[in-house]
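Have the structure open as you go through them.

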Amino acid sequence: MTEKLVRPAITRLKPYIPGKPIEEVKRELGLDDVIKLASNENPLGPSPRAVQAMRKCLKDVRLYPDNECYHLKRKLAQRLGFPPEQVLVGRGSDEIIHMIGLAFLEKGDEVLIPSHPFVLYEFTGTLMDAELVRVPLREYRYDLEAMAERIGPRTKLAFIGNPNNPTGTIITHDELVRFLDRLGDQGIVVLDEAYYEYAEDAAYPRSLELVKEGRNVIVLRTFSKIYALAGLRIGYGVARPELAAALAKVREPFNVSTVAQAAALASLEDGFQVERSLKINRRGKKYLYRELKRLKLKYVPTEANFIFVDCGRDALEVARELLRRGVIVRADPAFGYPTHFRVTVGKPAQNRRFIAALKEVLA
Ligand SMILES: Cc1ncc(COP(=O)(O)O)c(C=O)c1O
C-alpha cells in the first residue's frame, strides 16, 4: 500500500552509509584512542579566528540567520571577482548539488557521471528521476573524451569532481575546455572543486575564468575541507547570472546557520591557517608516499588531502583490521576498486600511526 504512495524515483535511492564516527568506534571496539582518516577532514581544525567568531554569535541563535548571507557573500564575491548575485551559499556544497538537481533536472534528462561517482551526484540525479549515464574512469582519471562521446540530445548535466574523490586525480584546463566545446549550450557542467585549494598541478583548470566567459559551468567549493568546518555544513558556488538566479530560486529560506556564516567569514580572513594546512598536507603526502613505497603498495599520486591506496587484497578486510587497531580509513564497494581504500592525510603522528597499523595488518 505504502509503495503506491512513494515516488518510484525514491524507491531507487540507495541509503548513504557514512564512515563510522570516532565515538562509535570507541564504543563498539572498547578502544579509547581512535583516529579518523576516513572523511578527508582537515586534521588541523578550524582557524582560531573562526572559533572566536562562532563563540561571539552563539547568543544570536535565538534569531533566524541572515537569509542573504550578506557579509559572507560580499566577501566571497570580492575575492572571486564576481558580483554577489553570482555567488551562492549552501548548507555544504552537498546542498548546492541538490539545488542544481531541483533547478535543472527533469524526468528523462540525462546526467553524465563517472561509473563510481561521489555519492551526491548519483543521489541527486536519481531523486529527480533523471537518467544516469555512467562513464568509467581511465587510469583513475575522468575520461572526458569518453564522456563527450556519450553526450546526446537529452544530456543536461555533467558532474566532474576535480580533484576527484576517491582517486585524487584532476582533469586539466584544456581537457575541460574541449569538453565544454563539445557540450555547447545544451547542458551544464558542475565542476565540484571541494578540494581545489590542495591542487598543485599547474594544468588545474582556471574555472572562474570559464564562468566569467559565460560558459555553462557551475563551480562548487566548500568550507568543509581546507577551512575545517565540515561539522557546520557550509559551501558555496559561482555561476553565470542566469544560472545563479535559477539556483537562488530553489534555495530554502535561511539555509545557512548564523554560526556557519560567522565561522566561514572569519576563516576567509585567516590565510595563515590555510598555509599551515597546506604545509601539513604536503609533508604528510611525502611521508605517506615514501612509506607506502616501502610497503610495496601502489597508490595514486594525489592533488587533494587524501590518497587512494591499492593494498592488493580485499580492502574492506584491511579497513576492518585497521579499525580494530583504532585507525579509521574508507574502503567502500561504491568506489569500484575492491582492493583500494582511501586514507586522509593526517598530522605527522596520525600518519605514523596509520603506517604502523597498516604494517601490522599486512604482515
Ligand atoms: C568531491 C566532493 N564534493 C563535495 C563534498 C561535500 O562537501 P560539503 O561538506 O561542502 O557538502 C565532498 C565531501 O566529502 C566531496 O568529497
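1. The ligand has 13 residues around it, and Gly 92, Asp 94, Thr 222, Ser 224 and Gly 235 are the closest (C-beta, placed from the backbone, within 6 Å of the molecule). Bear in mind that this is a predicted model: local features need pLDDT of at least 70, side-chain atom pairs count only at pLDDT 80 or more, and totals for chains, interfaces and linings use all residues. Numbering starts from 1 along each chain as its sequence is written.

2. Which helix gives the most to that shell? Helix H6 (residues 92-104) does, with three residues. By class, the shell has eight polar, three nonpolar and two charged residues (Ala, Val, Leu, Ile, Met, Phe, Trp, Tyr, Cys and Pro are nonpolar, Asp, Glu, Lys and Arg charged, the others, Gly among them, polar).

3. Now look at H4 (residues 48-57) against H12 (residues 258-268): their axes are 8 Å apart, at an angle of about 150 degrees. The two are therefore roughly antiparallel (over 145 degrees). From H4 the contact takes in Arg 49, Ala 50, Ala 53, Met 54 and Cys 57; H12 residues there include Val 259, Ala 262 and Leu 265 (C-beta atoms, placed from the backbone, within 7 Å). That contact counts nine nonpolar, two polar and one charged residue.

4. Overall, the protein has 15 helices and twelve strands (DSSP runs: H or I of at least four residues, E of at least two). Its radius of gyration is 21 Å, close to the 21 Å the globule rule gives for 363 residues, so the protein is as compact as a globular protein of that length (taken over C-alpha atoms; the rule is 2.2 Å times the number of residues to the power 0.38).

Terms used. Axes fitted to C-alpha atoms, helices over the stretch in contact; angles between N-to-C directions. Parallel < 35°, antiparallel > 145°, perpendicular 65-115°, else oblique. Contact = placed C-beta atoms within 7 Å.
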